[in-house]
Amino acid sequence: MTSTKKEQNEPLLSAPPQEPLLKVVDSGEEVSSTLEETLSNGDIATVQRWWLATVLEMKYLVPLAGPAIVVYLLNNVISMSTQILCGHLGNRELAASSLGNNGIQVLAYGLMLGMGSAVETLCGQAYGAHKYEMLGIYMQRSMVLLTATGIPLTLVYIFSKDILILLGEPQEIASMASIFIYGLIPQIFAYALNFPIQKFLQAQSVILPSAYISIAAIVIHVGLSWLVMYKFDWGLLGASLILSLSWWLIVVGQFVYILWSSRFKETWNGLSMGAFSGLWGFFRLSAASAIMLCLETWYFQILVLIAGLFENAELALDSLTVSMTISGWVFMISVGFNAAASVRVSNELGARHPKSAAFSVIAVTTTSFIIALICAILVLVFRYQISYIFTGGDHVSQAVAELSPYLALSILLNGVQPVLSGVAVGCGWQAFVAYVNIACYYVIGIPFGVLLGFYFNLGVKGLWGGMLGGTLLQTLILLWVTFRTNWDKEVENASERLRTWDDKKEPLLN
């Protein structure tokens with residue numbers, strides 16, 4: 001891993017080679033070396049140079065991060081709206097859907113999203129290096145691997161009741177949660193196709209169409225969910241089936257757009273036998289990506305599972321569900337910046353622009369943190385009111401208010417940590433970050449949280465506080481490594497990675 005080697009003592013903005021213009025296929029606009037040249041121009045005063053660079057970077061960053069935030073927020077709202085509707089059926093239904101959505105379902109989400117990030121690294125760097133024809137092949141390879149991964153995941157869903165009981169969850173809540181989970185089985189395979197498609201589009205800075213598709217999907221989702229749950233009285237199973245259907249609508253909409261739009265004439269050449277070649281090597285890269293992002297995605301979801309072991313499990317789950325849902329909404333903003341960071345860094349590394357890649361890291365991290373700070377302040381101001389969005393009851397409102405400082409701190413950390421993970425994906429550092437995550441999250445964070453929560457009888461606050469310590473440590477390590485990175489070396493690593501994976505295949509079907 002380059003970021004761990006001794007030669008990484010270069011300043012953040014090291015001298016780059018000069019590069020020609022890089023064309024963006026989807027819009028015809030030019031993403032040029034202007035940013036690189038501005039950062040390298042010693043004739044301009046430092047303050048003025050950084051101001052001009054910031055203006056240039058915002059022109060790239062905002063069109064990327066804005067639509068990406070909308071997409072991730074709306075995709076999250078699809079799941080959360082189901083949870084809200086279940087909460088208004090009753091507190092037990094809220095607890096059951098929380099276990100299903102945040103406990104078992106997140107297993108598939110984290111694994112599929114993680115494996116899909118391999119496409120993000122390869123597609124982003126290939127696009128920056130003008131190897132356009134490889135993007136479609138990378139996407140198809142990922143689809144093949146993720147679909148195969150969905151088969152064993154289906155067994156986990158089928159035996160979810162036994163798994164939840166084995167983990168110590170109350171039998172009645174586990175039974176209700178398993179009914180909800182059965183309806184999510186089709187969603188597994190929607191994830192398997194969605195994430196490769198999403199990363200394929202993001203690498204080309206094509207995000208806005210996905211936002212429109214998500215808007216249409218959520219309108220359909222809310223309408224159908226209300227009809228099925230309150231008119232047809234299908235309960236938890238009906239809610240989860242509609243949730244699965246909504247994700248399939250997103251997948252179909254995005255793939256039809258790829259087939260229909262002329263934007264992808266250079267990056268999509270039809271189905272290819274290349275999708276079935278080099279699968280083992282691609283699997284290893286996907287596995288490293290999966291381990292990195294799964295450990296992040298699962299970390300705070302484990303908090304929900306452990307909270308079910310407390311004496312007053314229903315109140316603990318309800319208050320934690322509300323807090324984690326709010327955190328999840330704000331987290332989607334950071335995930336949008338995560339996608340933008342990954343695209344900007346991978347594109348610039350592929351185009352051999354080390355200074356631009358380094359400056360993009362600074363710009364996107366700072367912007368994300370400022371937004372997170374504003375959201376954290378709002379959470380503290382409205383700490384007694386936010387629970388009523390999900391469910392009634394003064395007890396839940398009071399419990400959520402007591403957790404609000406932990407929620408605010410989580411939001412602050414999530415304003416930085418996901419962005420740094422996006423940088424890691426753009427550079428291909430997934431394996432290194434996986435080791436950091438294991439140490440910080442699972443060796444320090446969870447054991448320390450369990451110790452505070454159970455041994456010192458601090459309950460959910462102790463559990464959450466201990467796990468926040470792991471997140472803080474991980475964030476500090478990633479900050480240190482990222483800002484000591486030798487970006488010229490990362491450019492060479494990107495070139496070598498693309499030479500390794502550049503195995504073109506003839507299309508099977510146009």
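Helices (H or I, at least four residues) and strands (E, at least two) are taken here as DSSP runs, numbered from the N terminus. The model is predicted, so local features are reported only at pLDDT of at least 70 and side-chain atom pairs only at pLDDT 80 or more, while totals for chains, interfaces and linings use all residues. Residues are numbered from 1 along each chain as its sequence is written, and side-chain values use heavy atoms, with hydrogens and water left out.

Of the 510 residues, 60% are buried, where buried means under 20% relative accessible area, exposed over 50%, and partly exposed in between (1.4 Å probe, protein chains only). Contact means heavy atoms within 4.5 Å. Among contacts between residues at least 6 apart in sequence, 85% join residues at least 24 apart.

Two helix pairs come next. Their axes are lines fitted to C-alpha atoms over the stretch in contact, and angles run from 0 to 180 degrees between N-to-C directions. Helix H4 (residues 134-158) meets helix H7 (residues 185-203) with axes that come within 8 Å and cross at roughly 155°. H4 and H7 are therefore roughly antiparallel, given that angles under 35 degrees count as roughly parallel, over 145 as roughly antiparallel, 65 to 115 as roughly perpendicular and the rest as oblique. The residues of this contact between H4 and H7 comprise 18 nonpolar, 5 polar and no charged. In this classification, Ala, Val, Leu, Ile, Met, Phe, Trp, Tyr, Cys and Pro count as nonpolar, Asp, Glu, Lys and Arg as charged, and the others, Gly among them, as polar. For helix H2 (residues 46-87) and helix H8 (residues 208-231), the packing angle is about 5° and the axes are 8 Å apart. This makes H2 roughly parallel to H8. The contact of H2 with H8 has 17 nonpolar, 7 polar and no charged residues.

The loop between H7 and H8 holds Ser205, a residue that is partly exposed at 29% relative accessibility. Ser205 is not a glycine, yet has a positive phi of about 60°. Most residues other than glycine have a negative phi. Ser205 is also among the residues in contact with Asn347, as are Gly124, Tyr127, Gly128 and Ala203, once neighbours within four places in sequence are left aside. Asn347 itself is part of helix H11 (residues 313-350) and counts as buried, at 9% relative accessibility. A polar atom of the Asn347 side chain lies 2.8 Å from the backbone oxygen of Gly124.

Asn457 sits in the loop between helix H15 (430-455) and H16 and is exposed, with a relative accessible area of 66%. Helix H16 (residues 459-482) contains Leu478, which is buried at a relative accessible area of 4%. Not counting residues up to four places away in sequence, Leu478 touches Leu420, Ser421 and Val433. The C-alpha atoms of Leu478 and Val416 are 9.6 Å apart in space, and the two residues are 62 apart in sequence.

Asn269 lies between helix H9 (235-260) and strand E3 (271-272) and is partly exposed, with a relative accessible area of 36%. Asn269 and Leu135 are 134 residues apart in sequence and 9.5 Å apart from C-alpha to C-alpha.

Key
Polar contact = N/O pair within 3.5 Å; in protein donor to acceptor, adjacent residues only side chain to side chain.
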